[in-house]
Amino acid sequence: MSITEPLVESEIRKLAIDWYSKLSDHAPLEEYITLLAENDLQMQFPETTIYGFKSFKDWYQGVVNKYFNQIHTLKELKVIPEDDHAKVQIIVHWQASFWEPPAAQSKRVELDAYQRWVVKRSPTSHKPLIVNYIVDRFEYAEGSAKVEDRTEHEISMNTRQVIEQYYETVNVGDWNTWLTLFDDHIVIDEQLAGHIEGIESLRQGVDGLQKGYSKFQNIPKHIVVDGNQACAVSRIQAANASGVPIEANVANYFRLDNGRIVYFQNFHDTRPFDPFVKQKLT
């Protein structure tokens, strides 16, 4: 079997059954490594959106600490094969108990979750992996408790996770993951590049950054989160393509929607960036 071999329904059904079985059993985290794409993973839940296996660990810890006596029953699975991946439509019946302190008793939730997955083959094992995982909606059974409402604290926590990952991915040069943090219709007002709209324009901007900087670190000093908005003060320590150092203090403003950055603006003195702006690249 090769990575280019088309995915078939039997493989994906086995993946889904294994996935839901592990969720019901509160399986150890290491058992999920063979089911999820580690770096390209994106999962959108009603309460949060996560990127990468590290963020999955944080989400999973919250789930196993909140829900118990879980039952996942796969009701429907439809596979749409594509060139190098498969799109999957799923309906899963979920039952679980949870306790919200200081309530005297736990509650029971029962619902059908409508989900969409994107599945690709692992480049090493060639087994199917979940790359994208989106929970579109819940249909509650009569009398079920409700779980989808988010508090302002939960929204702020999700916002902080995205902003922290923004800086983490920049500072390790993981621009592909960095781009997944933005909405496809992102709007940016950038001090040097000006007004930018759309993810493709931003992708082209990344190419310029990679060519124009031999080093780029954006180190956050203070992050303030208010619901789906955030402001960060950071210190840029960089060097242009020839190694000429660049240092500047920067303020960044973020606004998010559904766990993705939809608007970004930064503020800084432009003169420290002259070695980047005025260089002549071949």
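Which residue in E12 is the bridge partner of leucine 256? In this predicted model, with residues numbered from 1 along each chain as its sequence is written, local features need pLDDT of at least 70 and side-chain atom pairs count only at pLDDT 80 or more, while totals for chains, interfaces and linings use all residues. Side-chain values use heavy atoms, with hydrogens and water left out. The bridge partner of leucine 256 in E12 is isoleucine 261.

The secondary structure of the chain comprises six helices and twelve strands; helices (H or I, at least four residues) and strands (E, at least two) are DSSP runs, numbered from the N terminus. The C-alpha trace spans about 65 × 55 × 30 Å along its principal axes. Of the 282 residues, 44% count as buried, where buried means under 20% relative accessible area, exposed over 50%, and partly exposed in between (1.4 Å probe, protein chains only). The chain exposes about 15,300 Å², of which carbon and sulfur atoms supply 49%; accessible areas come from the Shrake-Rupley method with a 1.4 Å probe, and for residues only the protein chains shown count as cover. Among contacts (heavy atoms within 4.5 Å) between residues at least 6 apart in sequence, 56% join residues at least 24 apart.

Strand pairing was assigned where DSSP finds at least two bridges between two strands. Strand E11 (residues 245–257) and E12 run antiparallel and are joined by seven bridges. The two strands form a hairpin with two residues between them, and asparagine 258 in the turn has a positive phi of about 55°. E12 also pairs with E7, in the parallel sense, through four bridges; within this pair, aspartate 189 stands opposite glutamine 265 of E12. Strand E12 (residues 260–267) is largely enclosed by the rest of the structure, because six of its eight residues are buried.

Phenylalanine 182 lies in strand E7 and counts as buried, at 2% relative accessibility. The C-alpha atoms of phenylalanine 182 and isoleucine 261 are separated by 4.6 Å, although the two residues are 79 apart along the chain. Leaving aside neighbours within four places in sequence, phenylalanine 182 is in contact with Tyr166, Ile199, Leu202, Arg260 and Ile261.

E3 and E4 run antiparallel and are joined by twelve bridges, with isoleucine 71 having glutamine 95 of E4 as its bridge partner. A hairpin through four residues connects E3 to E4. E4 in turn pairs with E5 in the antiparallel sense over 13 bridges; there, the bridge partner of isoleucine 90 is glutamine 115 of E5. E4 is mostly covered, as ten of its 13 residues are buried.

The second largest pocket has a volume of about 640 Å³. Of the 23 residues that line this pocket, Gln42, Val118, Val131, Asn132 and Arg260 are the closest to its centre. Two or more lining residues are given by each of strand E1 (42–44), strand E4 (86–98), strand E5 (107–121), strand E6 (128–140), helix H4 (175–179), strand E7 (182–190) and helix H5 (199–212). The largest share, four residues, comes from E5. The lining divides into nine nonpolar, seven polar and seven charged residues; Ala, Val, Leu, Ile, Met, Phe, Trp, Tyr, Cys and Pro count as nonpolar, Asp, Glu, Lys and Arg as charged, and the others, Gly among them, as polar. On a 1 Å grid over the protein atoms alone, a pocket is an open set of points where a 1.4 Å probe fits, with protein on both sides within 12 Å along at least five of seven lines, and lining residues have an atom within 4 Å of a point. Grid points are joined across faces, edges and corners, and a volume is the space filled by probe spheres set on the points.

Several backbone features were also noted. Most residues other than glycine have a negative phi, and most peptide bonds are trans. Proline 101 and proline 102 are joined by a cis peptide bond with an omega of about 5°, and proline 102 is placed in the loop between E4 and E5. Histidine 26, in the loop between helix H1 (9–25) and E1, has a positive phi near 55° and is partly exposed, with a relative accessible area of 28%. Asparagine 69 lies in strand E3 (residues 67–81); its phi is positive, at about 50°, and the residue is exposed, with a relative accessible area of 54%.
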